[in-house]
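Trainee: I have not read a structure like this before, so please take me through its features one at a time.

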Amino acid sequence: MLAELALATALTLPPKTPKPPARCQDKTAQMLWHAGFRGERNHIAWAITWRESKHQNLDESSPWYSGALGLWQIQTSAHSGKTWWSRDAMLNPARQSRIVYRHMTNRGKSWQPWGLNRNGTGLDVTQYGGWSTWQHMNWIWYPYQQGRALYPKACAR
């Protein structure tokens with residue numbers, strides 16, 4: 001009887017959502033955590049969004065507007081036909097991050113749209129074939145590495 005009650009209670013309670021590290025005060029890292037990017041995936045996502053937008057929610061009024069929107073700089077021309085795409089979602093950092101987590105990174109396991117390999121330790125520039133090696137290094141790799149170095153240590157887990 002007691003075991004049945006415990007099982008029934010366990011089945012009706014919502015699952016615990018892990019929280020970001022208590023010492024982590026960085027709003028972007030926390031938001032990415034809640035979108036699903038945990039541990040090293042949070043570190044990679046944080047570095048990519050730093051590289052792409054310096055954690056700013058960029059739109060058409062940004063001085064360097066290139067057709068890409070939001071924190072992640074999602075290209076409108078490439079993705080606007082997708083069922084998950086909307087301008088409002090792309091300009092809401094939390095919604096955009098959840099979409100990126102679910103639809104663009106295979107739940108934080110693939111970083112190819114941003115020119116990185118699966119574990120964020122090297123380049124995978126198959127989608128950047130028209131770029132030179134100089135562009136790969138200076139527009140993808142070095143800024144990403146700079147973002148990785150800036151990641152708040154208190155947010156690592």
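Trainee: Which side chain meets that of Glu40 in a salt bridge?

Mentor: Before the answer, a word on the source: this is a predicted model, in which local features need pLDDT of at least 70 and side-chain atom pairs count only at pLDDT 80 or more, while totals for chains, interfaces and linings use all residues. Residues are numbered from 1 along each chain as its sequence is written, and side-chain values use heavy atoms, with hydrogens and water left out. Side chains of opposite charge can pair when their charged atoms come close. A salt bridge here is a side-chain nitrogen of Lys or Arg within 4 Å of a carboxyl oxygen of Asp or Glu. Glu40 meets the side chain of Arg148 in this way, at 2.8 Å from N to O. Glu40 lies in helix 3 and Arg148 in helix 7, so the pair ties together parts that are 108 residues apart in sequence; helices (H or I, at least four residues) and strands (E, at least two) are DSSP runs, numbered from the N terminus.

Trainee: How many salt bridges does the rule give?

Mentor: The count comes to three. Among them is the pair of Arg87 and Glu60, whose closest N and O atoms are 2.6 Å apart. Arg87 belongs to helix 5 and Glu60 to the loop between helix 3 and strand 1 (68-69), so parts 27 residues apart in sequence are tied together.

Trainee: Which residues does the disulfide join?

Mentor: A disulfide is a pair of cysteine sulfur atoms within 2.5 Å. The structure holds one, and this disulfide joins Cys24 to Cys155, with 2.0 Å from S to S. Cys24 lies in the loop between helix 1 (2-12) and helix 2, and Cys155 in the segment after helix 7, so the pair ties together parts that are 131 residues apart in sequence. The torsion about the S-S bond is about 75°, so the disulfide is right-handed.

Trainee: Is Cys24 buried or exposed?

Mentor: Buried means under 20% relative accessible area, exposed over 50%, and partly exposed in between (1.4 Å probe, protein chains only). Cys24 is buried, at 2%, and Cys155 is buried too, at 3%.

Trainee: How many residues does the largest nonpolar core have?

Mentor: A nonpolar core is a set of buried Ala, Val, Leu, Ile, Met, Phe, Trp, Tyr and Cys residues joined through side-chain atoms within 4.5 Å. The largest has 35 residues, and those with the most contacts inside it include Phe37, Trp72 and Met90. Helix 3 gives the most to this core, with six residues.
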